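Dear colleague,

I am handing over the structure below, and after it you will find an account of what came out of the analysis. Please read the two together.

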Amino acid sequence: MDKFGPLPPDHVPDLLTTGLKVVFCGTALGRVSAEKRAYYANPGNFFWRALHEAGLTPHRIRPQDYALLLDYGIGLTDLCKAHFGNDNQLPQGALDAAALRAKIELYQPDVLAFTSKTGASVFLNRPTGRITLGFQPEQIGRTRLCVLPSPSGQARVYWNAQAWQDLAAEL
């Protein structure tokens, strides 16, 4: 598989339903996740470890078992569902804030948690430098917005588990 490119429809479908405590939103699937057809599947990604260590899941879930998150009131989506790759490899306009807003308005989770400042920046239409980690003043209906440091191995220098723990404490 290439490092980046288009995805067929529903290659890795959203994990969304009503009644969720939190929906985690990434920017786009990376190459390894696209290959394995699972969210956060790169072994260097902290997502699954962070969920467990923060107490959001009772054990560390494997990426291929991501559908189990619904049992814990957790959903998953991405701002880009049509392409995979690093953020700087996605085509112009691939991050679809309007589609994400429509999903959140429909499903109304308690919290929408962005797994990077980049995703939050696109959605909030604000530069990353003006976005703090944690809960934001904006909401979508009753859904609170939260920004987390990226669990990606490429963003390791910015990793901070505290924001993930703070989210879990709120839930």
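Cys25 is in no disulfide, and the nearest cysteine sulfur, which belongs to Cys80, is 10 Å away. Cys25 counts as buried at 1% relative accessibility, and Cys80 is likewise buried, with a relative accessible area of 1%; here buried means under 20% relative accessible area, exposed over 50% and partly exposed in between, with a 1.4 Å probe and protein chains only.

Please bear in mind that this is a predicted model, in which local features need pLDDT of at least 70 and side-chain atom pairs count only at pLDDT 80 or more, while totals for chains, interfaces and linings use all residues. Residues are numbered from 1 along each chain as its sequence is written, and side-chain values use heavy atoms, with hydrogens and water left out.

Turning to helix 3, which spans residues 97-107, the buried residues are Leu100, Lys103 and Ile104; helices (H or I, at least four residues) and strands (E, at least two) are DSSP runs, numbered from the N terminus. Seen down the axis, these buried residues fall within an arc of 95°, so they line one face of helix 3, the arc being that of the directions from the helix axis to the C-beta atoms. The face turned away from the buried side carries the exposed residues Ala98 and Leu106. At the N-terminal end, Asp96 caps helix 3 through a side-chain oxygen that lies 3.3 Å from the backbone nitrogen of Ala98, and after the helix comes Gln108, whose phi is positive, near 50°.

The largest pocket has a volume of about 940 Å³, where a volume is the space filled by probe spheres set on the grid points, which are joined across faces, edges and corners. A pocket is an open set of points on a 1 Å grid over the protein atoms alone, where a 1.4 Å probe fits, with protein on both sides within 12 Å along at least five of seven lines, and lining residues have an atom within 4 Å of a point. Of the 36 residues that line the largest pocket, Asn86, Asp87, Ser150, Ser152 and Gln154 lie nearest its centre. Helix 1 (31-36) gives the most to this lining, with three residues. Ser150 sits in the loop between strand 7 and helix 5 (161-170), and is buried, with a relative accessible area of 18%.

Best regards

Methods. Polar contact = N/O pair within 3.5 Å; in protein donor to acceptor, adjacent residues only side chain to side chain. Disulfide = S-S within 2.5 Å.
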